[in-house]
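Hi,

Here is the structure I promised to pass on.

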Amino acid sequence: MEPHRPEGEADRPRSAEHQTGRALVVGPYLRVRPSEAAAGGDAARTTAARLEEATGLARAIDLDIAEAILAPISQIRPATYLGKGKVEEILGAIRAHEVGLVVMDCALSPIQQRNLEKAWSVKVLDRTGLILEIFGRRAKTREGALQVELAHLNYQRSRLVRSWTHLERQRGGFGFLGGPGETQIEADRRLIGERITKIEAELKKVQSTRRLHRAGRQRVPYRVVALVGYTNAGKSTLFNRLTRAEVQAADMLFATLDPTLRALMLPHGGKAMLSDTVGFISNLPTQLVAAFRATLEEVLEADLILHVRDITHEDAEAQQDDVETVLRQLGITPGAGSPIIEVWNKLDRLPPEQQQELRNIAARRDPDHPCCVVSAVTGQGVDELLQTIEDRLAAARTVLDLSVDAGDGAGVSWLHRNAEVLDKQLHEGRYQMTVRVDETKREAVIARFGAVPRTD
């Protein structure tokens with residue numbers, strides 16, 4: 001059951017999906033000093049790039065953008081976020097373009113959102129609401145849909161403010177003894193709270209099933225490789241290139257939301273599982289950080305992480321900081337010795353001399369902090385990336401030499417299923433084999449085949 005809506009607003013749409021007409025995107029960014037910009041984070045981003053990203057988010061839900069307006073501010077106003085002059089300036093643009101929706105690229109308080117809607121007489125959507133709209137459209141799996149609804153309800157609950165005139169009414173009393181009953185705002189909060197409790201219980205069941213699937217994979221010695229990166233860095237395109245899958249890949253923000261797993265074949269016949277995860281973004285709403293933690297469980301369980309970067313983006317360094325911040329929140333520390341390989345993607349967008357320069361920079365990187373330069377579109381550098389993945393995964397595995405009777409087809413087949421066969425030669429009726437095995441299979445191979453670990 002939905003919470004009640006304000007009187008006089010029965011025809012006002014509740015989400016961007018129901019908006020008619022055009023939209024205006026506003027970038028209300030605080031002016032920053034050069035010293036603050038050098039410190040990194042949002043201050044290090046150009047305002048033009050931030051506004052472009054906000055416009056891309058709006059277009060991701062098919063909004064018709066009439067204009068994108070930079071609105072630099074010196075301080076945040078408690079009532080309207082913007083100063084009075086900016087509010088009036090944007091009102092002029094709203095009337096000129098006849099827009100029905102204004103997207104504010106910031107987090108608005110409920111009061112600020114209400115006041116701006118009253119001043120402009122249009123629907124106002126902040127960054128949190130916009131990302132929730134996108135996630136609501138992109139979620140395909142049961143877990144994804146539940147996570148989106150949970151985040152949306154938590155957001156909606158914070159929007160129940162006294163600007164709704166009908167919330168002053170009371171109901172529930174009977175005769176003279178029943179008391180005033182519960183106010184409408186309390187009823188709305190109760191209904192939302194009940195739905196949140198129900199969703200959280202359903203999510204526990206879904207996540208329990210995911211853990212069972214993961215435990216099943218762990219019984220087979222397949223390593224997990226997870227793709228992470230800023231949204232629109234090209235993760236899904238690279239995922240398709242590496243696995244020959246057909247996951248949706250488009251030049252838009254958050255084209256992929258639900259995590260996807262596919263088999264990854266390595267150069268010497270070994271196999272791993274490759275996971276494509278949701279893209280990261282700066283200022284990810286706190287509701288989504290908590291709600292979508294489950295979608296990043298594959299990252300926590302991964303043996304190797306590929307950090308895919310759009311190396312051609314003007315804010316590539318700031319995007320890297322955002323991704324690494326989220327990884328740290330998950331308990332993964334980037335840097336030398338970490339299970340992370342940087343993948344500099346979109347090489348095809350650069351001229352040949354810059355491509356070679358990037359390759360030279362990558363070649364000089366610390367071996368403990370490797371980097372691969374690729375183009376997921378053309379396939380440039382993908383073979384080198386696969387070899388690097390195999391080498392990193394092999395570092396924790398044991399190489400064994402063994403001899404198997406040529407007639408032992410079952411034994412040879414078992415080795416191919418449970419180990420990575422590096423070399424196999426037939427000599428005098430026996431296969432002389434070199435295999436690489438996970439620690440969980442090491443003792444079994446030694447016991448069954450009399451294998452000898454290599455010492456070189």
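Predicted model: local features only at pLDDT ≥ 70, side-chain atom pairs only at ≥ 80, totals over all residues.

Residues are numbered from 1 along each chain as its sequence is written, and side-chain values use heavy atoms, with hydrogens and water left out.

Let's start with α2 and α5. Helices here are DSSP runs of H or I with at least four residues, strands are runs of E with at least two, and both are numbered from the N terminus. The two helices pack at an angle of about 40 degrees, and their axes are 9 Å apart. That makes α2 oblique to α5 (under 35 degrees is roughly parallel, over 145 roughly antiparallel, 65 to 115 roughly perpendicular, and the rest oblique). For the axes, lines are fitted to C-alpha atoms, for helices over the stretch in contact, and angles between N-to-C directions run from 0 to 180 degrees. The crossing of α2 past α5 is left-handed, which is to say that the near helix is turned anticlockwise from the far one by less than a right angle; clockwise would be right-handed.

Who touches whom? On the α2 side there are E53, A54, L57 and A58, and they meet R127, L130, I131 and I134 in α5 (contact means heavy atoms within 4.5 Å). By class, that contact has six nonpolar, no polar and two charged residues. Ala, Val, Leu, Ile, Met, Phe, Trp, Tyr, Cys and Pro count as nonpolar, Asp, Glu, Lys and Arg as charged, and the others, Gly among them, as polar.

E53 and R127 also form a salt bridge, with the closest N and O atoms 3.0 Å apart (a side-chain nitrogen of Lys or Arg within 4 Å of a carboxyl oxygen of Asp or Glu). E53 sits in helix α2 (residues 47–59) and R127 in helix α5 (residues 127–138), so the pair ties together parts that are 74 residues apart in sequence. E53 counts as buried at 12% relative accessibility, and R127 does at 6%. Buried means under 20% relative accessible area, exposed over 50%, and partly exposed in between, using a 1.4 Å probe and protein chains only.

R127 has another salt bridge, to D105, with the closest N and O atoms 2.6 Å apart. This pair links distant parts of the chain, 22 residues apart: R127 is in helix α5, and D105 is in the loop between β3 (99–104) and α4. D105 is buried at 9% relative accessibility.

A search of the whole structure finds 18 salt bridges. Another of them joins K123 and E117 (3.6 Å, N to O).

The other helix pair is α3 (residues 84–97) with α4 (residues 110–120), packed at about 55 degrees with axes 10 Å apart. That makes α3 oblique to α4, and the crossing is right-handed. V87, I90, L91 and I94 in α3 meet L116, A119 and W120 in α4; the residues of this contact divide into seven nonpolar, no polar and no charged.

Lastly, F239 is in helix α8 (residues 235–243) and is buried, at 0% relative accessible area.

Cheers
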